[in-house]
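Have the viewer open while you read.

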Amino acid sequence: MSCVRVQGAFLDVQRRGLGSTPGSACLRSHPRTVSNACPFLGVRSERTGSPANPPREVDPVRQLANRKHTVLTQRGRVHGRNTITARASTSAIQEEDLADDLGQVPVIDISVLIKLLRTDEGDFDQDSLTPEESACLRTIGESCAKWGFFHVVGHGISEDLIQAFLQNSTSFFSMPKEEKYRVKRNANNSRGYFDDELTKQKQDWKEAIDIGAQDGSLEGCSEIDGFNQWPSTPTSFQPVVTEYFEEMTALSKRLLRLIAASLGLPPLSFDYTVEAHTSYLRINHYPPFEAGGGGAAPEAVEAALASEEMARSLAAPPGVTMGIERHTDAGLLTILIQDTVSALQVRKGERWHAVTSPNSAVHPFRAAEAGGGRRPLESTAFTINMGDMLQVLTNDKYVAPLHRVVVNTRGLHRHSAPFFLNPAYTTDCVPLDGGGGAAHYSPVNWGAFRRARFEGDFADVGVEMQISNFR
């Protein structure tokens, strides 16, 4: 029987079900089939799965306002407290509120470069790139420097897997609160379900579940982040999420190599940081903002969101609840999948700008080149952004963008899932000596930095840990 110390407490791993957690078994080997219309993007998916054996731990905490989850059917309608036509309502919101912001964050087809990274070494000679490959790499570098964000298509991730992941994610959030609380995270374990996270000492308007790796393995357990808690329902959740996690891990490492190459560095320059990575996947549900949930009526919040003050002010006005307050991501880079409800914003200059997913039909990338209609996406788009540790490694050449998520006051539910590529706990992130000049940061140990960040997420500890502490 194996035990592991988690912040001073010994936990019996086998007793909590971790020892029986399956690894990365191929989903095709499981007999159960899930076939449903995807609630995110309206695409039918079919995957297989098997029952999981999760830890059964209840840790009651304060709740946000009562939420009634809605589910999109394949016909594109929402059923729940408000029955509306989802696609029409979403498009109207985006076209009305975000017309000035659409299309600024680049959409990059990385298929020509992904082929180079599928070799055994994952390396390539930049001097031998074709003009198309060089142009793609240059666009990545320009996007990192200007926005810290870019969208990618042509990434090679199976659409079948993506839709199965989205279906299982939405099914999990549709369960009763008491069922989700069976895998509730706590001060000694950062993995699991939560609805009480703090950002800038303010509670987020969301619920989420975190699944992460310890030393590269989903079956591990660490003193810093604890261990994964898998829900038993839906039964296909664990095998599908496991496979999706592995694909995100592979894609994020490829993107890390492309980002290194975009700086003129050897593609493998940052690989040392993720040999035993501690990445995690956060699956989010943002319910519609409701009266009584955050100290202000939805009408007042809606007016504030549309105001010039909201567009320019660094912090949200007093009394305005946010999906997530302004922040930077702590790790190396983030791969985000978004649905069609726009809410993500990035700070650029003195204003906030919408980062609308190309998965939305109103994004300019989807506009037909000639005539009416919309261009279909050949692959689901992911949104990529830089993190604090990449900012340290690049010595501020690429800066982690400040971003936030606004609430929705018009009855729509938003779903998203960021995958955070994080270094090994023992890694000291040090600015690379590639551009000359003095290092802007002293070494940042990822394990210590991560622990401090989680403590600030879980409770109000005063000042949040930032990389500016290491300047």
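What follows covers the ground rules, then a strand and its pairing, then a loop residue.

## Ground rules

This is a predicted model, so local features need pLDDT of at least 70, side-chain atom pairs count only at pLDDT 80 or more, and totals for chains, interfaces and linings use all residues. Residues are numbered from 1 along each chain as its sequence is written, and side-chain values use heavy atoms, with hydrogens and water left out.

## Strand E12

Let's start with E12, residues 207-212. Strands (E, at least two residues) and helices (H or I, at least four) are DSSP runs, numbered from the N terminus. Six of the six residues in E12 are buried, meaning under 20% relative accessible area with a 1.4 Å probe, protein chains only.

In a regular strand, side chains alternate between the two faces of the sheet. Both faces of E12 are covered: Glu-207, Ile-209 and Ile-211 sit on one side, with Ala-208, Asp-210 and Gly-212 on the other.

## Its partners

Strands pair if DSSP finds at least two bridges between them. E9 (residues 192-194) runs antiparallel to E12, with three bridges joining them; here Tyr-193 stands opposite Ile-209. Strand E15 (residues 280-286) is also antiparallel to E12, through six bridges, and Arg-282 in E15 stands opposite Asp-210.

## Asn-186 in the loop

Asn-186 lies in the loop between helix H5 (177-180) and E9. Is Asn-186 buried or exposed? Asn-186 is buried, because its relative accessible area is 14%.

Definitions and conventions: Buried means under 20% relative accessible area, exposed over 50%, partly exposed in between (1.4 Å probe, protein chains only).
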